[in-house]
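Hello,

Here is the structure you are taking over. Some notes on what was found in it follow below.

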Amino acid sequence: MKKLKFYLIGLIPGLILVFFILNKKGASCSGYLPNSRVIAETLSKDFKYSDEAKTAMQTLKINEKFLKDSIITHGIIDFDRSQAQKKPCPAYLLTYPEKNPKYEITFEKCGENMTLNSLKKLR
């Protein structure tokens, strides 16, 4: 019982200390899932737009900031309908928001570029 008490006396303050240090640095464990990794990698690339995507963005009145900050950042990759293993450029289908999707985009990641191929409003 005495050993357990000494163990807990060290463990609890240690966990609190680690939590505050990691929280202050902005560290999180959410970036390990496939959806998060694809989105993070996509946002780090240079964006290019197909003619179809440019037209859709103008028609739907969606600017690049909304596309990056909302649709892509908070979207969900549909891996069943994506071609993640396609060579040389994997193609993905992303829906936004997660529940009752309103937008669907398709894009390809190729080297240092991300090309937005299409943007559709679902409802």
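The side chains of Lys68 and Glu64 form a salt bridge, 3.2 Å from N to O (a side-chain nitrogen of Lys or Arg within 4 Å of a carboxyl oxygen of Asp or Glu). This is a predicted model, where local features need pLDDT of at least 70 and side-chain atom pairs pLDDT 80 or more, while totals for chains, interfaces and linings use all residues. Residues are numbered from 1 along each chain as its sequence is written, and side-chain values use heavy atoms, leaving out hydrogens and water.

Both Lys68 and Glu64 sit in helix H4, four residues apart, about one turn of the helix (helices, H or I, of at least four residues and strands, E, of at least two are DSSP runs, numbered from the N terminus). Lys68 is partly exposed at 28% relative accessible area, and Glu64 is partly exposed at 36% (buried is under 20%, exposed over 50%, partly exposed in between; 1.4 Å probe, protein chains only).

Helix H4 also holds Asp69 and Lys65, four residues apart, whose side chains meet in a salt bridge of 2.6 Å, N to O. Lys65 is exposed at 58%.

Lys86 and Glu108 form a salt bridge at 2.8 Å. This pair links distant parts of the chain, with Lys86 in the loop between strands E2 (76-77) and E3 and Glu108 in strand E4, 22 residues apart.

Regards
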